[in-house]
Amino acid sequence: MNGPPLEAEGLTLAYDQLVVAQDLSVQIPRASFTVIIGPNGCGKSTLLRALGRTLKPRAGRVLLDGEPIAALRSKDVARRLALLPQSPVAPESITVGDLVARGRYPHQGILRQWSAADARAVADALDATEVADLRDRYVAELSGGQRQRVWLAMALAQQTDLLLLDEPTTFLDIAHQFEVMDLCARLHEEGRTLVAVLHDLNQAARYATHLVAMKAGVVVAEGPPSDVVTEPLVREVFGLACRVVPDPETGTPMVVPARRDAHVRHLP
Ligand code: ADP
Ligand code: MG
């Protein structure tokens, strides 16, 4: 299939009186690892929710493989797209194994109950995120980092071509952050399309094949990290004075904030 697997056209996104974005359009390139960056509250999660059909746009539309996502059956969407929200809420007293198994729901039906393929998908997802030993624990009893990896496992168990991840490394220590990012990179290399919201600009620049920089509900720049992560852009979008140098490990752009006396902070 050609064309973007996921596309937003002229979205107006709002909560009650609060309009977060107007006429927002974005295309997710096929087989890309797209990362959305931008300051707190600029609408990254809101956009991701709209792309994942958990928020209905006031205007405009989202296309999944060229079809209006709003017209598709929920199960059909969930077989093609998994969304890991920023602050997912687990049902009470659910174990890790049971939560991850819920990722298989879209693959089941009246005629197709739990199968060996489902069991394998769950086991693989638990292994990939290194939470297999937590399988019988209650989700509510886990640390923030453990829980984050369990949620990621649930999204992986869905085995979708499109994976939308909202700050998948929050709560993780630095080693686990890079493990999750490496896992994402592997999934991308296997041919999946990933869309992630990331906080850390340097991680974003290191892992993304396509960066989308947002400010106040508007896409201000998009393209390869080397084109997007520049000193003027970081200043414009985050109000941060910085230097951009090559990451000594990967050569990708690395943001080094200026000393405090050099800061000129323009609050976005
Ligand atoms: P980001 O993910 O970029 O930090 P969000 O998309 O979460 O930003 O939020 C964009 C704006 O929408 C913010 O002003 C936020 O307070 C508001 N907002 C987010 N979620 C809700 C909600 N469920 N109800 C009302 N306002 C919300
Ligand atoms: Mg957010």
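# Close-up views

**View 1. The sulfur of Cys 184 sits 20 Å from the closest cysteine sulfur, that of Cys 42, which is too far for a bond.** What you're looking at is a predicted model, where local features need pLDDT of at least 70, side-chain atom pairs count only at pLDDT 80 or more, and totals for chains, interfaces and linings use all residues. Residues are numbered from 1 along each chain as its sequence is written, chains are lettered from A and ligands numbered from 1 in the order in which they are written, and side-chain values use heavy atoms, leaving out hydrogens and water. A disulfide is a covalent bond between the sulfur atoms of two cysteines. With the cut-off for a disulfide set at cysteine sulfur atoms within 2.5 Å, the count here comes to zero. Cys 42 isn't in one either: its nearest cysteine sulfur belongs to Cys 242, 17 Å away. Are Cys 42 and Cys 184 buried or exposed? Cys 42 is buried, at a relative accessible area of 3%, and Cys 184 is buried too, at 1%. (Buried means under 20% relative accessible area, exposed means over 50%, and partly exposed is in between, using a 1.4 Å probe and protein chains only.)

**View 2. Ser 45 and Gln 86 hold the magnesium ion, ligand 2.** (Donors are N, O and S atoms within 2.8 Å of the metal, or 3.2 Å for Na, K and Ca; water is not among the atoms, so sites may look incomplete.) Ser 45 belongs to helix α1 (residues 44-51), while Gln 86 is in the loop between β6 (81-84) and α3 (96-101), so the two tie together parts that are 41 residues apart in sequence. (Helices, H or I with at least four residues, and strands, E with at least two, are DSSP runs numbered from the N terminus.) Ser 45 is buried at 11% relative accessibility, whereas Gln 86 is partly exposed at 30%.

**View 3. Strand β3 (residues 33-37) is a strand wrapped up by the rest of the structure.** Five of its five residues are buried, so β3 is largely enclosed. In a regular strand, side chains alternate between the two faces of the sheet. Here Phe 33, Val 35 and Ile 37 point one way, and Thr 34 and Ile 36 point the other. On to the partners: β3 runs parallel to β8 (residues 193-197), joined by four bridges, with Val 35 bridging to Ala 196. Strand β9 (residues 210-215) is also paired with β3 in the parallel sense, again over four bridges, and Ile 37 has Ala 213 as its bridge partner there. (Two strands pair if DSSP finds at least two bridges between them.)

**View 4. Six strands make an open, mixed sheet in the order β6-β7-β8-β3-β9-β10.** The edges are β6 and β10 (218-223), each pairing on one side only. From one strand to the next, the twist averages 15°. Helix α5 (residues 144-157) lies across β6 and β7 (162-166), at about 170° to β6. (Axes are lines fitted to C-alpha atoms, for helices over the stretch in contact, and angles between N-to-C directions run from 0 to 180 degrees.)

**View 5. Helices α4 (residues 116-128) and α5 pack at about 140°, their axes 8 Å apart.**

**View 6. Another open sheet has four antiparallel strands in the order β2-β1-β4-β5.** β2 (18-28) and β5 (67-68) are the edge strands with a single partner each, so each has one side without a neighbour in the sheet. Helix α1 packs on this sheet, touching β1, β2 and β4 (59-64), and its direction makes about 120° with that of β1. Seven bridges pair β1 (residues 6-15) with β2, among them Leu 11 with Leu 24.

**View 7. Strands β11 (residues 242-246) and β12 (residues 253-257) pair up antiparallel over five bridges.** They form a hairpin with six residues between them, and Gly 251 in the turn has a positive phi of about 80°. Pro 246 has Pro 253 as its bridge partner in β12.

How values were computed. Contact means heavy atoms within 4.5 Å.
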